[in-house]
Amino acid sequence: MSPDPTASVPIDAAASVPIHTVGFVGLGNMGQPMAHCLVAAGVKVQGFDVSAAARDDLANAGGTAVDNAADAARGADAVILMLPDSNVVEAVADSAEFLEALIPGATVIDMSSSEPERTRALAKRLAGFGIGLVDAPVSGGVAKAVTGQLAIMVGGRDEDVERVTPVLARMGRIFRAGPVGAGHAVKALNNLMSATHLLVTSEAMIAGERFGIAPEAMLAIVNASSGRSGSTENKWPNFVLPETYNSGFALRLMLKDMRIAAGLAASLGSPSVLGDRAVALWADAAEALPPTADHTEIARWLRDTAATTAQESS
Ligand code: NAD
């Protein structure tokens, strides 16, 4: 008998509970290519997004598009959420239809950049239904989502994490952060660092340019020196200098993550003087730019703001 071409293939037959079917809710800039990685690995992916175009993209890539989040959960061994923030994650994961559709023992994996304390609380609520929650936010942007090379920072109980490891491994490299919520805490803190680097890099680049240094030369020097970061190695050369500003990560989402990190620091009584100042500057940029602005546009905003300030003081 020839094999059924529609049958799903376990990702890792050696795993104690093979995962055949994954529900995927949130097929945006990141979720779409991540879901494609699972489809390419032979997983049955049943995906939902409020955007019909996103659902069509999944179907065209070989996944199954469904009409709502509950249908994505129905019969799935694990359900991945890749949504904008904790508000949307809770709207989906706490809904009665979604909870009823989950099979006993299913695991919910929140790969969105959510709020760690709200993730802990959600884990408690889901545990009441016999459902495990793993937080597994990512870094690496759209480019690494496409190639399945994301950094995945994972929080959760050992048994839940082990169960979903074969699925996560298809989308990137797994780093264990700690108990549930720890992945989301690291993600927010990482983005506060990344956003602050991008801001100070942009300030330094403007000063260098005004001194007459070619930006390409300055980046080459810094990238061989101690000032280098993801901003000098990736964001400035790939999105700011060519003036494309199309990294695929929205400025409003970066600001959301920075606020989560600053709030976490405040709640822990740990210092966040520079972090708070960076949040305030990014908030100014968010107010001045359209809601769809890419986060790399912070560099353009800074240059425009600096030019206006220079004009006013001359
Ligand atoms: P996005 O806005 O492109 O995608 C979010 C998707 O969720 C959209 O397609 C939207 O239609 C959908 N959605 C919203 N509400 C929904 C609902 N109730 N049900 C179903 N679908 C719904 O955002 P993104 O850039 O893909 O980011 C997703 C998450 O990953 C965010 O938390 C973000 O902070 C994080 N993140 C993004 C990047 C990046 O480079 N873009 C990198 C790392 C982490």
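Which polar backbone atom is 3.0 Å from an oxygen atom of the ligand? That atom belongs to L83. This model is predicted.

V50 uses its backbone, where an N or O atom is 3.4 Å from a nitrogen atom of the ligand.

How much of the ligand does the protein bury? Alone, the ligand exposes 830 Å². The protein buries 86% of that.

## The pocket and its shell

The ligand takes up the space of the largest pocket. Two elements give two or more residues to the shell around the ligand: α4 (86-93) and α12 (251-268). The largest share comes from α12, with 4 residues.

There are 25 residues around the ligand. Those that come nearest are M30, D49, P84, G248 and K256.

What kinds of residue form the shell? It divides into 13 nonpolar, 7 polar and 5 charged.

## Between two domains

Where does the ligand lie relative to the domains? Domain 1 spans 21-179, and domain 2 spans 185-309. Both give residues to the shell, so the ligand lies between them.

Definitions and conventions:
Residues numbered from 1 in each chain as written. Predicted model: local features only at pLDDT ≥ 70, side-chain atom pairs only at ≥ 80, totals over all residues. Heavy atoms only, no water. Near = heavy atom within 4 Å. Polar contact = N/O pair within 3.5 Å; in protein donor to acceptor, adjacent residues only side chain to side chain. Areas by Shrake-Rupley, 256 points an atom, 1.4 Å probe, with all protein chains shown as cover. 1 Å grid on protein atoms, 1.4 Å probe; cavity = no way out; pocket = protein on both sides within 12 Å on 5 of 7 lines; lining within 4 Å. Sits in = over half its atoms within 2 Å of the grid points. Nonpolar A, V, L, I, M, F, W, Y, C, P; charged D, E, K, R; others polar. Domains from an automatic or database assignment.
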